[in-house]
Amino acid sequence: MVLLTLEQVAKIYGFTDKHKAKRIIGAPRVSGEHLVMYYLGDVATDIVKRRIGIVR
């Protein structure tokens, strides 16, 4: 299991503003963490869905 911080995920999506990224990123956040964290697999799945046109 690989966890990514909000800053890392924002860079993956190409955002420079982490507050804007937090609103747009479709991957679910990891609950129970002090920092905003995402699972790598959820981020990858969200990116694939965006590329093929399935966006929530």
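In what kind of contact do the side chains of Asp46 and Arg50 meet, and what is the N to O distance?

Mentor: Asp46 and Arg50 meet in a salt bridge, at 3.1 Å from N to O. The term needs a side-chain nitrogen of Lys or Arg within 4 Å of a carboxyl oxygen of Asp or Glu. This is a predicted model: local features need pLDDT of at least 70, side-chain atom pairs need pLDDT 80 or more, and totals for chains, interfaces and linings use all residues. Residues are numbered from 1 along each chain as its sequence is written, and side-chain values use heavy atoms, with hydrogens and water left out.

Look at the setting of the pair. Both residues lie in helix H3, four residues apart, or about one turn of the helix. Helices (H or I, at least four residues) and strands (E, at least two) are DSSP runs, numbered from the N terminus. Asp46 is buried because its relative accessible area is 6%. Arg50 has 31%, so it counts as partly exposed. The cut-offs are under 20% for buried and over 50% for exposed, with partly exposed in between (1.4 Å probe, protein chains only).

By this rule there are two salt bridges. The other joins Lys18 and Glu7, whose closest N and O atoms are 3.1 Å apart. This pair links distant parts of the chain: Lys18 sits in helix H2 (residues 18-24) and Glu7 in helix H1, 11 residues apart. Lys18 has a relative accessibility of 36%, so it is partly exposed. Glu7 is partly exposed too, because its value is 39%.

Now set H3 against H1. The axes of H1 (residues 6-13) and H3 (residues 40-52) come within 12 Å and cross at roughly 25 degrees. That makes the two helices roughly parallel. Angles under 35 degrees count as roughly parallel, over 145 as roughly antiparallel, 65 to 115 as roughly perpendicular, and the rest as oblique. Axes here are lines fitted to C-alpha atoms, for helices over the stretch in contact, with angles from 0 to 180 degrees between N-to-C directions. H1 passes H3 in a right-handed crossing.

At 68% relative accessibility, Lys11 counts as exposed. Its C-alpha lies 14 Å from that of Val36, 25 residues apart along the chain. In H2, look at Lys20. Lys20 is partly exposed because its relative accessible area is 39%. Lys20 and Val30 are 10 residues apart in sequence and 18 Å apart in space, C-alpha to C-alpha.

Finish at the surface. Met1, Leu3 and Tyr39 form a nonpolar patch with about 330 Å² of accessible area together. Patch members have over 30% relative accessible area and no salt bridge; like charges are joined within 9 Å, and nonpolar side chains (Val, Leu, Ile, Met, Phe, Trp, Tyr) within 5 Å. Areas come from the Shrake-Rupley method with a 1.4 Å probe, and for residues only the protein chains shown count as cover. Met1 is in the segment before E1. At 82% relative accessibility, Met1 is exposed. Leu3 belongs to strand E1 (residues 3-5). Leu3 is partly exposed because its relative accessibility is 31%.

Notes. A crossing is left-handed if the near helix is turned anticlockwise from the far one by less than a right angle, and right-handed if clockwise.
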